[in-house]
Amino acid sequence: MAHLETPGTLPARESELRRAFLSQVDIVPGGERLRKCIQCGTCTGSCPVSYAMDLSPREVIARFRAGDIETILRSRTIWICASCYACTVRCPVEIRITDLLYALKRVAMGKNIRPRQFPVYALSEAFVRSVKWFGRNYEMGLLTEFFLRSLKWVNLLKMAPLGLKMLKAGRLGLFPERIAGHADLKKIIARAEEIEQPREPVPVRAVTDEVGYKAIQS
Amino acid sequence: MEYTYYPGCSLTKTSKPYDLSTRAVFRALGLGLHELEDWNCCGATVYMSVKETVSFSISARNLALAEKMKRDVVAPCSACYLVLNKTNRFLRELPDLNAKVNDALSAAGLYYGGTVRVRHPLEVLINDLGIEGVAAKARRSLKGLKIAEYYGCQIVRPQRGFDDMEFPQTMDRLFEALGAENVYFPLKVRCCGGMLMTTANDVAMKLCHDLIACAQGNGADCIVTTCPLCQMNLAAYQDQLSAKFGEDLHMPILWFTELLGLALGLDVRTVGLNAHLERIPEKILSLAA
């Protein structure tokens, strides 16, 4: 890790990612508890999918402290979290780990960083589009688009028997249904996107002082 | 008692039986469900992870519409229940976010004051009618049926809600009162993998294997769930699971409202048990006979 060689200072790129992450932490109630981590590993031990992660949840916080957010953002970990919240409710210092992983996901998407060959990103995008267009999640369209974009068409074929079964049971909608207040919803989304755009530089002092990085370059 | 009903996207199609059985059970128990008019997607966990203000605004549109109805909201889908509650909590604790979201809502002439209670049907039955109140209306006994109650993640976590986060008991007590026998099922709040079934299939398959193998090993006739995605993951891939792990991992996975509906005297079609992907054995179907 070249950028870890100078204790106390971070390269511009890492500073930028760190600031982006901390501004996301800021919008999680109690997000600042991140600094209370005692590295006990209860999160990792409680996580049903930590065995499939390249960085364990405990290591994610250790990497953050070490000033290496880029590695976290490139990991499969943030995308493999299934949102079961087992870590969050067991953490002895009440760090909202699941929400912090969401914060990291948002940074990764915002900075266009994605792990290789891992398709959650594509599913998220398709989902967002579906809600924008119809107001509801059009499951059939979502899954079709997902399989076509992120995997190969043969995978879509593999899903065909299940799709037919669902169709027979009357549990698959072939066509999307658009909500009546769709125009209103669009207005709300447009306004929210406008509001979301300018994100103030965050007050990073609280977190950085205790972890030893006072020298985030601005 | 009257409630505003928020079915959520899954219940309109892929989890249709959960929708049918929830409505039927409430009707049978004399509780009124009024579907929220023109509701939209709750925001869901995926959406949460992308754009925060946008996802909270989408979510809050439902709450703003529901607030006008002045009734508690009933949300059967675990993800909807979590997301709508999370939106409520974040808007309460973060004044900045509240201002942004209400600004966005005002584009459609809406305002959300933060007064809506979002509740899960299981909790409504337990607290508003009580286990004895529900059991008093039962017309059939579930005696002889062994079940593994599976709560999943999102109705018990991340906040302390109506039941314990590690060892919930509400559903166990309910079905016990209806005559069923509960098997030892220590994985009752373990994750099924959620949407990893689509994005990281191997991981979710292992989690589903563990859940079914545990319930089977402890002698359960069926697993009873409270969540659309748990039911889907456990029920839809039983052929693939069995082939992958070299074990017979077929077993019925019911929504709790379906089994409750049978106990209340409803028939198989009314609760949607005819629209399952996995085989429902005679032992369960004959309850409705």
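I count a residue as buried if 20 or more other C-beta atoms lie within 10 Å of its own, as exposed if 12 or fewer do, and as partly exposed in between, with C-beta atoms placed from the backbone. By that count, 40% of the 218 residues of chain A are buried.

**Entry 1. Model and conventions**

I noted that this is a predicted model, in which local features need pLDDT of at least 70, side-chain atom pairs count only at pLDDT 80 or more, and totals for chains, interfaces and linings use all residues. Residues are numbered from 1 along each chain as its sequence is written, and chains are lettered from A and ligands numbered from 1 in the order in which they are written.

I looked up the confidence scores. The model has ipTM 0.90 and pTM 0.90. For chain B the average pLDDT (the predictor's confidence in each residue, from 0 to 100) is 94, and 98% of the residues score at least 70.

**Entry 2. The two chains**

I took helices (H or I, at least four residues) and strands (E, at least two) as DSSP runs, numbered from the N terminus. Chain A has twelve helices and zero strands. Chain B has 15 helices and eight strands.

I then checked the dimensions of chain B. The C-alpha trace spans about 55 × 45 × 30 Å along its principal axes. The radius of gyration, taken over C-alpha atoms, is compared with a globule rule of 2.2 Å times the number of residues to the power 0.38. Chain B has 19 Å, which agrees with the value near 19 Å for a compact globule of 289 residues. Buried residues account for 60% of the 289 residues in chain B.

For contacts I used C-beta atoms, placed from the backbone, that lie within 7 Å. Of the contacts in chain B between residues at least 6 apart in sequence, 77% join residues at least 24 apart. In chain A, with the cut-off again at least 6 apart, 66% join residues at least 24 apart.

**Entry 3. The interface**

I asked how many residues of chain B are in contact with chain A. There are 49 in chain B, and they are in contact with 51 residues of chain A. The elements of chain B that give two or more residues to this side are α3 (44–48), α4 (52–69), α5 (78–93), α6 (95–106), α10 (196–199) and α11 (201–217). The largest share, six residues, comes from α4(B).

I sorted residues by class: Ala, Val, Leu, Ile, Met, Phe, Trp, Tyr, Cys and Pro as nonpolar, Asp, Glu, Lys and Arg as charged, and the others, Gly among them, as polar. The side of chain B that touches chain A has 28 nonpolar, ten polar and eleven charged residues.

**Entry 4. α4(B) against α5(B)**

I fitted axes as lines to C-alpha atoms, for helices over the stretch in contact, with angles from 0 to 180 degrees between N-to-C directions. α4(B) and α5(B) pack at about 100 degrees, and their axes are 10 Å apart. The two helices are therefore roughly perpendicular to each other. Angles under 35 degrees count as roughly parallel, over 145 as roughly antiparallel, 65 to 115 as roughly perpendicular and the rest as oblique.

On the α4(B) side I found B:F56, B:S59, B:A60, B:N62 and B:L63, which meet B:V83, B:L84, B:T87, B:N88, B:F90 and B:L91 in α5(B). The residues of this contact are seven nonpolar, four polar and no charged.

**Entry 5. Two lysines of chain B**

I looked up B:K188 in the loop between β6 (181–182) and α10 of chain B. Is B:K188 buried or exposed? B:K188 is buried, with 24 other C-beta atoms within 10 Å. Leaving aside neighbours within four places in sequence, B:K188 is in contact with B:E149, B:Y150, B:Y151 and B:P168. B:K188 and B:T225, 37 residues apart in sequence, are 9.4 Å apart, C-alpha to C-alpha.

B:K283 lies in helix α15 (residues 282–285) of chain B. B:K283 counts as partly exposed, with 13 C-beta neighbours inside 10 Å. The C-alpha atoms of B:K283 and B:L145 are separated by 8.0 Å, and the two residues are 138 apart along the chain.

**Entry 6. Backbone exceptions**

Most residues other than glycine have a negative phi, and most peptide bonds are trans. I listed the following exceptions.

- A:Y85 has a positive phi of about 65 degrees, sits in the loop between α5 (77–80) and α6 (86–90) of chain A, and is buried with 24 C-beta neighbours inside 10 Å.
- B:K70 has a positive phi of about 55 degrees, sits in the loop between α4 and β3 (73–74) of chain B, and is exposed with 10 other C-beta atoms within 10 Å.
- The peptide bond from B:R157 to B:P158 is cis, with omega near 5 degrees, and B:P158 is in the loop between β5 (146–150) and α9 (170–177) of chain B.

Conventions
Two residues are in contact if their C-beta atoms, placed from the backbone, lie within 7 Å.
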